[in-house]
Amino acid sequence: MLSLRLPEDLQARLNRLAEMTARPKGYYVREALKRYLDDLEDVYLAEKRLEDLRAGKDLIVSHEDFWDGLDD
């Protein structure tokens with residue numbers, strides 16, 4: 001279960017869409033999340049990875065070293 005407050009303009013748009021299509025508001029919220037969550041994950045996980053690289057928590061491996069390591 002998730003509870004959130006929407007700005008009035010988004011709430012009005014969501015209400016109007018739900019009324020016009022006779023679908024529940026939750027349907028459209030789930031659809032929006034499905035479509036947008038992949039993009040959010042990509043952005044935020046890439047930012048986290050970059051932070052880790054800059055902080056020395058993670059290393060970059062050259063493609064030569066990567067492929068050489070697979071032969072073992």
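Mentor: Helices here are DSSP runs of H or I with at least four residues, and strands are runs of E with at least two, numbered from the N terminus. The model is a predicted one, in which local features need pLDDT of at least 70 and side-chain atom pairs count only at pLDDT 80 or more, whereas totals for chains, interfaces and linings use all residues. Residues are numbered from 1 along each chain as its sequence is written, and side-chain values use heavy atoms, with hydrogens and water left out.

Trainee: How many residues does helix α2 have, and what is its reach from first C-alpha to last?

Mentor: The expected span is 1.5 Å times one less than the number of residues. Helix α2 (residues 25–54) has 30 residues and reaches 42 Å, close to the expected 44 Å. A kink of about 40 degrees is centred on Y36 in α2, the bend being the angle between axes fitted to the seven residues ending there and the seven starting there. Just after α2, G56 takes a positive phi of about 75 degrees.

Trainee: Which element gives the most to the lining of the largest pocket?

Mentor: A pocket is an open set of points on a 1 Å grid over the protein atoms alone, where a 1.4 Å probe fits, with protein on both sides within 12 Å along at least five of seven lines; lining residues have an atom within 4 Å of a point. The largest pocket is lined by 17 residues, of which L6, L14, Y28, V29 and A32 lie nearest its centre. The elements giving two or more residues to this lining are α1 (8–21) and α2, and α2 gives the most, with eight.
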